[in-house]
Structures are given as C-alpha cells and as structure tokens.
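Reader: Got a model to go through with you. Can you put it up?

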Amino acid sequence: MNGPNEAVLDEHLAAENAHDLDSIMATYTTTPVIELNGTRIEGLAAVREFHRSFGFGGGEGSFCDVHVA
C-alpha cells in the first residue's frame with residue numbers, strides 16, 4: 001500500500017498503540033463504517049464505542065495492552 005491511504009493507516013495504528021481514542025477517531029471520516037465478522041458498526045458514536053470497548057482510550061477491554069505493527 002502506498003500514498004495517502006498508507007499514511008492514514010500509519011496514523012491510525014500509531015494512535016491505537018498509544019491507546020489515544022481521540023486520535024484513533026481522527027483517522028475516520030465523518031460517516032465511518034466497520035464491518036467485522038458479519039457485524040456492521042456505523043457512525044462516529046458506534047465506532048468510538050467499538051474502540052473503547054476493546055480497551056482503547058484508557059478503558060479496560062480485550063485489547064487494552066495490545067500494540068500493533
């Protein structure tokens with residue numbers, strides 16, 4: 001992957017590694033959609049809650065200690 005998409009992905013992954021929920025959300029459009037294992041998550045509030053529930057943003061969750069490369 002090259003170009004602007006790679007830059008956004010790098011920014012998103014860095015924000016996830018920092019567990020910075022506001023910075024994670026800043027990498028999304030104003031109408032984000034996540035599709036994961038047959039589940040569709042739509043909208044800023046739902047996507048924010050999705051990340052928070054996994055432990056990003058200082059919360060506790062399945063991935064509260066995860067770091068991605």
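Reader: Let's start with His-51. Buried or exposed?

Author: His-51 counts as buried, because its relative accessibility is 4%. Buried means under 20% relative accessible area, exposed over 50% and partly exposed in between, with a 1.4 Å probe and protein chains only. One caveat: this is a predicted model, where local features need pLDDT of at least 70, side-chain atom pairs count only at pLDDT 80 or more, and totals for chains, interfaces and linings use all residues. Residues are numbered from 1 along each chain as its sequence is written, and side-chain values use heavy atoms, with hydrogens and water left out.

Reader: Where is the place of His-51?

Author: In helix 3. Helices are DSSP runs of H or I with at least four residues, strands are runs of E with at least two, and both are numbered from the N terminus.

Reader: And what does His-51 touch?

Author: Not counting residues up to four places away in sequence, His-51 touches His-12, Glu-16, Leu-21, Ile-24, Met-25, Tyr-28, Ile-34 and Phe-56. Contact means heavy atoms within 4.5 Å.

Reader: Switching to the core. Which residues are in the largest nonpolar one?

Author: Leu-21, Met-25, Ile-34, Ile-41, Val-47 and Phe-50. A nonpolar core is a set of buried Ala, Val, Leu, Ile, Met, Phe, Trp, Tyr and Cys residues joined through side-chain atoms within 4.5 Å.

Reader: Which helices each supply at least two residues of it?

Author: Helix 2 (21-25) and helix 3 (44-53).

Reader: Why does Phe-50 count as buried?

Author: Because its relative accessibility is 18%. Leaving aside neighbours within four places in sequence, Phe-50 is in contact with Ile-34, Leu-36 and Ile-41.

Reader: What stands opposite Ile-34 in strand 2?

Author: Ile-41. Strand 1 and strand 2 (residues 39-42) run antiparallel, joined by 4 bridges. Two strands pair if DSSP finds at least two bridges between them.

Reader: How many residues lie between the strands of that hairpin?

Author: 2, and Asn-37 in the turn has a positive phi of about 50 degrees.

Reader: Last topic, Thr-27. Where does it lie?

Author: Thr-27 is in the loop between helix 2 and strand 1 (33-36). Thr-27 is buried, with a relative accessible area of 16%.

Reader: How far apart are Thr-27 and His-12?

Author: 15 residues in sequence, and 5.9 Å in space, C-alpha to C-alpha. Their side chains are joined by a polar contact of 2.7 Å. That term covers a pair of N or O atoms within 3.5 Å; within protein, one must be able to donate a hydrogen and the other to accept it, and residues adjacent in sequence count only if both atoms are side-chain atoms.
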